[in-house]
Amino acid sequence: KNPKIDIKKSLSKINKNSLTYYQGQIDNVLITILIGDARKTLPIAHEKGLISNINCLYQDAFSPKKSPVLWSVEWFKLLKTLSHQNVIMSTYSSASAVKKSMVAAGWSIEKFPGFGQKKAATKAKLSSIMSDEIKASLLRSPTLPLFDKDIE
């Protein structure tokens, strides 16, 4: 197979069901890029059958300070409802509030090496058990999870 795949060429712009999105397929991978406020577009896309059983998530929603609603317990619960039980979510964030929000939403987390200037990043799964080290670290931290009611 060609290692240099031009994803842009495979994507088509679609306006349907009150959504604007790009969609394309490369081999057996379907790519859907929703345009707009994710807190509004994801539930509509799920309801209309556009997305479900997500296998892989990269959580890159600016920083928790700049965009806290995309790091809250409610946000991670929404992602959980859209995901396959074996989903893997990764993020550059290793903030205690983010990790606690993920755990409060039903995700198990683990630390892994960061990239660039980040020393550590976070990986979350629905189908794994957290290490005792991570559980202890979360218990020691006085930081609270982020809830919508506290940020909006």
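**Stop one: strand β4**

Start by selecting Cys56, which sits in strand β4, residues 54–59. Keep in mind as you click around that this is a predicted model. Is Cys56 buried or exposed? Its relative accessibility is 62%, so Cys56 counts as exposed. Now show its contacts: leaving aside residues up to four places away in sequence, Cys56 touches Val87 and Ile88. For a distance to draw, go from the C-alpha of Cys56 to that of His84: the two are 28 residues apart along the chain and separated by 8.7 Å.

Step back to Asn55, also in strand β4. With 52% relative accessibility, Asn55 counts as exposed, because the cut-off for that is over 50%. Which residues does Asn55 touch, not counting those up to four places away in sequence? Select His84, Asn86, Val87 and Ile88. Another line to draw runs between the C-alpha atoms of Asn55 and Met89, which are 34 residues apart along the chain and separated by 8.5 Å.

**Stop two: the largest nonpolar core**

Next, pick Phe76, Leu79, Met89, Met102 and Trp107. Within the largest nonpolar core, which has 31 residues, these five touch the most other members. Colour by element and you'll see that β2 (19–26), α2 (38–47), β4, α3 (73–82), β5 (83–91), α4 (96–104) and α5 (132–140) each give two or more residues to this core. The largest share comes from α3, with 6 residues.

Zoom in on Phe76. Setting aside residues up to four places away in sequence, Phe76 touches Gln59, Leu70, Trp71, Met89, Val98, Ser101, Met102, Ala105 and Trp107.

**Stop three: the largest pocket**

Rolling a probe the size of a water molecule over the atoms shows where empty space is left. The largest pocket has a volume of about 980 Å³. To find its centre, select Thr32, Leu42, Ile54, Cys56 and Leu57, the closest to it of the 26 lining residues. That brings you back to Cys56 from the opening stop. Which elements give two or more residues to the lining? They are β3 (29–35), α2, β4 and α3. Colour the lining by class and you get 18 nonpolar, 7 polar and 1 charged residues.

**Stop four: the second largest pocket**

Now move to the second largest pocket, with about 150 Å³ of space. Its lining is Lys99, Ile109, Glu110, Lys111, Ala121, Thr122, Glu133, Ile134, Ser137, Leu138 and Arg140. At least two lining residues come from each of β6 (108–113), β7 (120–125) and α5, and α5 gives the most, with 5 residues. By class, the lining here divides into 4 nonpolar, 2 polar and 5 charged.

**Last stop: zoom out**

Go back to cartoon view for the whole chain. Along the principal axes, the C-alpha atoms fill a box of roughly 50 × 40 × 30 Å. Of the 152 residues, 35% are buried. Taking contacts between residues at least 6 apart in sequence, 56% join residues at least 24 apart.

Technical notes:
Residues numbered from 1 in each chain as written. Predicted model: local features only at pLDDT ≥ 70, side-chain atom pairs only at ≥ 80, totals over all residues. Heavy atoms only, no water. Helix = DSSP H or I, 4+ residues; strand = E, 2+ residues; numbered from the N terminus. Buried < 20%, exposed > 50% of the residue type's maximum accessible area, 1.4 Å probe, protein only. Contact = heavy atoms within 4.5 Å. Core = buried A, V, L, I, M, F, W, Y, C linked by side-chain atoms within 4.5 Å. 1 Å grid on protein atoms, 1.4 Å probe; cavity = no way out; pocket = protein on both sides within 12 Å on 5 of 7 lines; lining within 4 Å. Points joined across faces, edges and corners; volume = space filled by probe spheres on them. Nonpolar A, V, L, I, M, F, W, Y, C, P; charged D, E, K, R; others polar.
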